[in-house]
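Hello,

Here is the structure to go with your sequence. Please open it alongside the notes below.

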Amino acid sequence: MKWGKLLEINGITCEGCGSTDVEFDPATRKVHCNQCGREMYYSRARLGATGKVAFAKDNAIKFFKGGNFPEARKFAADVLNMMQDNAAAQFMVAYCDEFCEGLSGSMVVFFKRAEDIPLEYDEVRDLIDLFESTLYNMRDFEVQMVSLVVANMQSMEDRPRLESFIDAVCPFCIARYASEDFMTAERESFYQDIATNCNIPKTCLALLKGIRENPGSPYKTGSFALRRRTSYFLEHYVEPVGRIVNSMKASQYKQKFLVAYQQVSEQYRSMASQ
């Protein structure tokens, strides 16, 4: 096994003798003290809070959000040299590879890896910040972004921030899908699940607006005369939206949205029968 020596600035010290003369394996987070010979493991939270990791991560995020992706990637790589499973750093490297270098599939690999990482709260917070700042390119990964944050933000104390995140990501993505075909059975189930458990009025409103504003809507294309096309949009978008709205968590918005859906649904069917 090859060990890499860490500098004192990292804040890693021996729990036995307090020495900073330690060596560290980033793959296992195992620390070996050259002073007393003790070996110990650093938790993900503890390692992420050490000086050099935090410094490199903060710089990576600063450059990333400032649009300086080469510098962001460099600092993110520094983080991964010390903490291989830091999710924020993994995301920034994958984003640069996918959207700057054209390495298709990098983002898919990131989300696959992230599924198996027990994220710390600070990592989830960093990912939310990074996701929200990259929605223009990340809109095709709506489900993956929301699912990852939901899986790692289960506390009721965190529910307001989770709901705010969902209501930032989903409406942005919904408004930009090129047709109703994004509403697969899996996507409908995804929206129903979060609507049942979270207060996400902006997301449900975006779905309702899509009945008129989605590029494939007969309202948008003026194609109610095309019966097959009109029936397709009804089956693949209008009706799924109704089921999603019906599954909404009880709130001040639900009844209003149900009434709004009933009105637009009846109008749609009336237009389709003319």
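**What was found**

Of the chain's 274 residues, 45% are buried. Buried means under 20% relative accessible area, exposed means over 50%, and partly exposed lies in between (1.4 Å probe, protein chains only). This is a predicted model: local features need pLDDT of at least 70, side-chain atom pairs count only at pLDDT 80 or more, and totals for chains, interfaces and linings use all residues. Residues are numbered from 1 along each chain as its sequence is written, and side-chain values use heavy atoms, with hydrogens and water left out.

**Fold and core**

The chain has 14 helices and 4 strands. These are DSSP runs, numbered from the N terminus: helices are H or I with at least four residues, strands E with at least two.

The largest nonpolar core has 73 residues. Such a core is a set of buried Ala, Val, Leu, Ile, Met, Phe, Trp, Tyr and Cys residues joined through side-chain atoms within 4.5 Å. Phe91, Phe110, Phe131 and Tyr191 touch the most other members. Helix α4 (residues 87-100) gives this core its largest share, 8 residues. In soluble globular proteins, nonpolar side chains tend to be buried together.

Setting aside residues up to four places away in sequence, Tyr191 touches partners including Glu142, Cys170, Phe182 and Ile244. Contact here means heavy atoms within 4.5 Å.

**Salt bridges**

There are 13 salt bridges in the structure. Each is a side-chain nitrogen of Lys or Arg within 4 Å of a carboxyl oxygen of Asp or Glu.

Start with Lys57 and Asp126. Their side chains form a salt bridge at 2.8 Å, N to O. The pair links distant parts of the chain: Asp126 sits in helix α6 (residues 121-133) and Lys57 in helix α2, 69 residues apart. Both residues are buried; Lys57 has a relative accessible area of 12%. Beyond its neighbours within four places in sequence, Lys57 contacts Val79, Arg125 and Asp126.

Next, Glu132 and Arg161 meet at 3.4 Å, N to O. They too link distant parts of the chain, with Glu132 in helix α6 and Arg161 in helix α9 (residues 159-174), 29 residues apart. Glu132 is partly exposed at 30%, and Arg161 is partly exposed at 34%.

Salt bridges with shared partners also join Lys57, Asp58, Asp122, Arg125 and Asp126 into one network.

Last, Glu71 bridges to Lys74, with the closest N and O atoms 3.2 Å apart. About one helical turn separates the two, because they are 3 residues apart in helix α3 (residues 69-82).

Best wishes
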